[in-house]
Amino acid sequence: MSAASDNTRILRDAFARTAAGEGRAFVDILAEDAVWITLGSTAWSKRFEGKAAILRDLLGPLRAQFSQPNHVRAERFIAEGDMVAVEAQGDAVTRDGRPYRNRYCLICRLRDGLIVELTEYADTALIDRVLGPPVPAVKA
């Protein structure tokens with residue numbers, strides 16, 4: 001198999017699980033040195049460097065906004081070499097009962113079966129309208 005088809009299979013498998021509400025599947029394929037770039041000008045828009053920072057400063061605060069898991073369903077994959085573009089639809093409900101159904105284009109670069117770089121394109125107006133600012137988790 002080619003790198004493109006291997007990387008697509010890895011992402012397809014992870015997104016099948018996230019569609020069922022298993023967000024851990026996506027976390028499991030993040031490299032320790034991964035970089036996640038959320039584009040735009042929202043409070044969520046920034047560059048997160050390293051898996052620990054992604055979990056602490058992005059995914060943890062995002063999960064804290066929702067009353068249930070964010071089900072993210074991939075609809076299309078386009079791959080070339082170590083890069084895979086994923087078009088996806090999210091479906092969640094905030095703790096105050098508002099629907100959060102964002103559409104994403106995620107550009108992922110993989111190395112050795114793990115995501116090393118992800119650039120996220122999303123509806124930033126929806127982010128501003130529905131989500132509060134990210135609040136990093138406090139360690140006890």
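This report looks at aromatic pairs and salt bridges in one structure. The model is predicted.

**Aromatic rings**

The structure holds four aromatic pairs. One of them joins Phe15 and Phe77 edge-to-face.

**Salt bridges**

Side chains of opposite charge can pair when their charged atoms come close. The whole structure has 14 salt bridges. The table lists some of them.

| Salt bridge | N to O distance |
|---|---|
| Arg17 and Glu22 | 3.1 Å |
| Arg24 and Asp28 | 3.1 Å |
| Arg47 and Glu49 | 2.8 Å |

How exposed are these residues? Glu22 is partly exposed, at 37% relative accessibility. Arg17 is partly exposed too, at 38%. Asp28 is partly exposed, with a relative accessible area of 39%. Arg47 is partly exposed at 48%. Glu49 has a relative accessible area of 53%, so it counts as exposed.

Where do Arg24 and Asp28 lie? Both are in helix 2 (residues 24-28). They are four residues apart, so about one helical turn separates them.

Salt bridges can also join into a network. Here, one network links Arg73, Glu75, Arg76, Glu87 and Arg103.

How values were computed: Residues are numbered from 1 along each chain as its sequence is written. This is a predicted model: local features need pLDDT of at least 70, side-chain atom pairs count only at pLDDT 80 or more; totals for chains, interfaces and linings use all residues. Side-chain values use heavy atoms; hydrogens and water are left out. Rings of Phe, Tyr and Trp (its six-membered ring) pair if their centres lie within 6.5 Å; planes under 30 degrees apart count as stacked, over 60 as edge-to-face and the rest as tilted. A salt bridge is a side-chain nitrogen of Lys or Arg within 4 Å of a carboxyl oxygen of Asp or Glu. Buried means under 20% relative accessible area, exposed over 50%, partly exposed in between (1.4 Å probe, protein chains only). Helices (H or I, at least four residues) and strands (E, at least two) are DSSP runs, numbered from the N terminus.
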